[in-house]
Amino acid sequence: MRKKFEFIKPKVVKVVEKDPETIFRELQIPNIKGLWSQQADILRAYYNDFKTGSDVAIELPTGTGKTLIGLLIAEYRRRCHQDRVLYLCPTKQLAKQVYLKGQEYGLPVSLLIGSQNNYSESEYGNYVTSKAIGVTTYSAVFNTNPYKMDDASTILLDDAHSAENYISSLWTVEIKRQDNKEVFESIIELFKEDISEYTYIKLMNGGSEGYKSMYDLIPYPKYLDKLPQLIELLEANISECGNAKYPWSKISQNLEACQMFFSLGEINIRPLIPPTQTHSAFNNAKQRIYMSATLGEGGELERISGVRKIRKIPVPKGWDKYSNGRRLILFPNRILTQDESVKVAFGAIRNQGRALVLCPDNRTANIFVRKLKIELPDFTILDSLSIEDSLEPFTTREKVVLILTNRYDGIDLSGDICRLQIIYGMPEATNLQEGFLWNRLNANAVLGELVKTRITQALGRCTRSNDDFANVIMLDPNLLKFCSKKENLVGFHPEIQAEIEFGLSNSAMIQSVDEMVDFMNDFVNDKEYFSGINEAIIEIREEFEKKPKPAVKKLILNVENEIDFSYALWKKELDRALEKVKLIHENLSGGKDLNGYRAWWYYIGGNTAYLSKKFIDIDDNLDRNYYSSALKLSHGITWMADLIRTVPMEKDIPEVDFYLATQTENVETLLNDLGLFGGSFEKHMKQVMELVSNDDAKKFEKGLKQLGVVLGFESLLPEGDTTPDGIWYIRDKFFVFEAKTQEDKDDPIYSDACRQADGHRKWTTESIPLPEGASIDVAVVSQKTTIRKDALPQSRGLFHIDTSDIRKLALEATSSLRMIRSVLTKDKEPNLFHKEHIANTLIKEKLTLRDIETIFKKKSLDELEQH
């Protein structure tokens, strides 16, 4: 006889309201005797004042038991509200880590990672029936079809600031040259007429030597006008572009609300702020809780998450000056050259065995990897994929370097696992939009807060408990500049301020690579020495407190308008979008610190007005007024120099010198690379003068190349016996050199030298991608004052520059850069004034391209005295 299924009678769960502290006491977690007072303060503040809010942020300094607090709140929501609770982590490895912690605490947790089709039925069943907290990654929620993760009642976002690109990627179409060269170049070709030929050539020869990284955008009117062709192109190719097809499906109906950014290796099409409220898996949650080591002061979290208002639980008293562990933060660039600074990093790696290196992007990481392979060939190099499932590939090796890009949080290397961390490169741009705002527009008021957040997050990777300690090397002139500014320093946690101040002061006293490496070695190996450093930092810590800058307060007041504008544009509510633009401009007025960001929003206003004219009745000149305001504010010497050709402008806009704009940006880049603080600048200027003052051909040619860079030119020194001895160029103006510094000054110039110099014109034409109509002028540099009579036919069209004129130019150029630098170091914050000051100084000191051209063409070769 068939046995009938023995059904059960479900128990009706009686919900008993318990606060998170009570739940903790009931758990009786082994090895955790009680909550720290600050942990209890946060849990009480949440339960008493924030448990009903839709969006709540918690700032939890590194090593303060963030996971425990998050899981206790998650369990409270699950147990007392019967919520489906998702705990989001940036990576699978971190999700596993949280899952194991949950089990250790005796909490019901389900690990839900990988393909949603392959979730364990029992694990997923426990989550969906609210019997367990679901632990997963951001990508499980932020994807086009989160069908198993689309109905969470509560979402906890761990390492919330690290979520930026995980969230925005859902609405960002990425076309990468490396993976989709034909599509990349086809898109650039479509907009060829809308960008400068100079930029077009750089893009089409992105791997060419001498080209720096770049950030730019397609002018919105041209982007809008060519949308039909762009849509047609992408529709035909998007299925071949990897994951780009998923965000394409999210934005293809709202492309008017997007911008198109590009670099040498990537194209991004994306909205200004991710429209997360249109994504039901995120928006339908009753409560979203954002946890981060630092929340920032300028509304960054709201812009990252697309949420207009997030209430923040105050940092508990006692944590305002508390930070876990001790770090010795050193800045090699403070006193050493860049090459010497890199040697410090390799010497420390050799001593410590294991090291974590954090880089802002793949390009920077690849530079470090290439150098590392040469200097330390016996070390294993790991990347993020190596530790996706487990940290074992790193923890089980003795000679290993873990290099992560664009990841400043979410990696825990406590205790003896890792005592050395290197931050290589300024963490200012984790995507093309940020890179554009930072590098092309100096919109640093808003991005500076993100940089501080990333540095704070980065500093907590190797110090996870109160007795933890680690060396940190800040390896970048721009990091040195950023941290040296008192106005930036006061935005950090007081403990970090003290550590940075200690590091800056001591870095300035160190005289050699070996001395700095030994200093770090003693810090981690000599207990008595460590204690002395620790006491010194604790003593000065009391003198510091965290103070947001006045400009940042304007940003937080404005963030709701920015997000409202983004949604209005997304929904094609153009009247409302224009209203919000007007409010944004009013709120950002006053003070030069915000000029870059104001210029950006005038540009956005111009875009909105240009679009609106096609659909609603508005002032026909509104777009022209906004674009012109952006140009006036940016002094006509930044990205607007090229933009002026492609957007409507008022008639009284002054002419823009495109060459000066490019020269200015190149000089600013050099000053930033050498550092506005520290000794690298003077060492470099001294080297330039020594090289150009030397008659030895090889040394003089190297000096000629470096002098071109000092003057703001792109500068090349081609290899080979018959190639030019130097090429300087800006956009479509090329100056080519044949140097004869070693030859006897009493001898005349012979026809062979003329033929060789004249041949350089042909070499340049055939070997370098040239803009249409490019001019190439060739000069012989020598101390000679005569020319052979029979060389005259070959000398036509060539110029002569006396070696002394090059040396005089080098002296004037280095002196002018010294003057520029002295002013910039006194300015409170990098902003558009820097570019204006550089441009004005180049004009005043007669060092613009026009002035250099006058020097170059001062004397024709055939005007020399005949011999």
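This is a short tour of a predicted model, one selection at a time.

**Stop 1: a buried strand residue.** Select Ile175, which sits in strand 6 (residues 173–176). Its relative accessibility is 0%, so Ile175 counts as buried. To see what surrounds it, leave out the neighbours within four places in sequence; the contacts of Ile175 then include Val183, Phe184, Ile187, Leu234 and Ile267.

**Stop 2: salt bridges.** How many salt bridges does a search of the whole structure find? The count is 56. Start with Arg77 and Asp83, whose side chains meet at 3.3 Å, N to O. Both Arg77 and Asp83 are buried.

Next, pick Lys835 and Glu668, where the closest N and O atoms are 2.7 Å apart. This pair links distant parts of the chain, with Lys835 in helix 36 and Glu668 in helix 30 (residues 658–674), 167 residues apart. Lys835 has a relative accessible area of 0% and is therefore buried; Glu668, at 8%, counts as buried as well.

Now move to Arg818 and Glu682, a salt bridge of 2.9 Å, N to O. It also ties together distant parts of the chain: helix 35 (residues 803–826) holds Arg818, helix 31 (residues 680–692) holds Glu682, and the two are 136 residues apart. Arg818 is partly exposed at 33% relative accessibility, and Glu682 is partly exposed at 35%. Then select Arg326, Arg327, Glu495, Glu499, Arg541 and Glu542 together: salt bridges with shared partners join them into one network.

**Stop 3: a negative patch.** Go to the surface and select Asp514, Glu515, Asp518, Asp522, Asp526 and Glu528, which gather in a patch of negative charge. Which helix gives the largest share of the patch? Helix 23 (residues 513–525) does, with four residues. Asp526 lies in the loop between helix 23 and helix 24 (527–541), and is partly exposed at 35% relative accessibility.

**Stop 4: two positive phi angles.** Most residues other than glycine have a negative phi. Arg731 has a positive phi of about 55°; look for it in the loop between strand 19 (726–730) and strand 20 (733–739). Finish at Lys846, where phi is near 55°, in the loop between helix 36 (832–844) and helix 37 (849–856). Buried or exposed? Arg731 is buried, with a relative accessible area of 11%, whereas Lys846 is exposed, with 57%.

How values were computed:
Residues numbered from 1 in each chain as written. Predicted model: local features only at pLDDT ≥ 70, side-chain atom pairs only at ≥ 80, totals over all residues. Heavy atoms only, no water. Patch = residues over 30% accessible without salt bridge, like charges linked within 9 Å, V, L, I, M, F, W, Y side chains within 5 Å. Areas by Shrake-Rupley, 256 points an atom, 1.4 Å probe, with all protein chains shown as cover. Salt bridge = Lys/Arg side-chain N within 4 Å of Asp/Glu carboxyl O. Lys, Arg positive; Asp, Glu negative; His and termini not counted. Charge placed at Lys NZ, Arg CZ, Asp CG, Glu CD. Buried < 20%, exposed > 50% of the residue type's maximum accessible area, 1.4 Å probe, protein only. Contact = heavy atoms within 4.5 Å.
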